[in-house]
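Please examine the sequence and structure shown below.

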Amino acid sequence: MKETNECEPRKIKDNIVLIGMPASGKSTVGILLAKAVGYGFLDSDLLIQNEQKALLCDIIAREGAEKFIAIEEEVNANLWAEHCVISTGGSVVYGEKAMRHLKEIGTVVYLRLREETLEHRLKNIFRRGVVMRRANETVSDLYAERVPLYEKYADITVDCEGLSVEETVRAVAVALGI
């Protein structure tokens, strides 16, 4: 057994990390899942807002998409949690360093929905604080760009299409074997 330095943080892979497109239900499902399994809950978007003392949409407007992605990556790469459900922002998958860290400390669960469902759910994409890297980018563009990244980083994929929030929580718990 490898000895560890007591000054080094332990890497315990007992967290559940939710990834997926904006409006896929990560925060809502995350809170209910945490309650159902007796875990804590962290929303990395709220951690970013707290650190930057501004709403996501205001940070993106002030700093630009690429700077926001760098801020998001740094916050997620330095996140420490034990026995928590962690809801991430939809653009977290742009940060390789952050995703490597999140995979080290937790099981990454991709909440998958069809593009049409997400377009219906995303009423005001700009006010919501969705990172758009190019002018005139659409939900369809984001979907095409991000889905391969979600699939790359996911340990488990849960198809949430047609499921209620409660059914999604149950499907995630079953997929995790809890």
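**Salt bridges and a helix**

Glu96 is partly exposed, with a relative accessible area of 45% (buried means under 20%, exposed over 50%, partly exposed in between, with a 1.4 Å probe and protein chains only). This is a predicted model, in which local features need pLDDT of at least 70, side-chain atom pairs count only at pLDDT 80 or more, and totals for chains, interfaces and linings use all residues. Residues are numbered from 1 along each chain as its sequence is written, and side-chain values use heavy atoms, without hydrogens and water.

Glu96 and Arg100 join their side chains in a salt bridge, at 3.3 Å from N to O (a side-chain nitrogen of Lys or Arg within 4 Å of a carboxyl oxygen of Asp or Glu). Because Arg100 and Glu96 are four residues apart in helix H5 (residues 96–105), about one helical turn separates them. Helices here are DSSP runs of H or I with at least four residues, strands are E runs of at least two, and both are numbered from the N terminus.

The structure holds six salt bridges. Another of them pairs Arg114 with Glu161, at 3.8 Å from N to O. This pair links distant parts of the chain, 47 residues apart: Arg114 is in the loop between S4 and helix H6 (115–121), and Glu161 is in the loop between strand S5 (156–159) and H8. Arg114, Glu116 and Glu161 are linked in a network of salt bridges.

In helix H1 (residues 26–37), the residues Lys26, Val29, Gly30, Leu33 and Ala34 are buried. They lie on the same side of H1, because they cover an arc of only 135° around the axis, taken from the directions from the helix axis to the C-beta atoms. On the other side of H1, Lys35 and Ala36 are exposed.

Conventions: Expected span 1.5 Å × (residues − 1).
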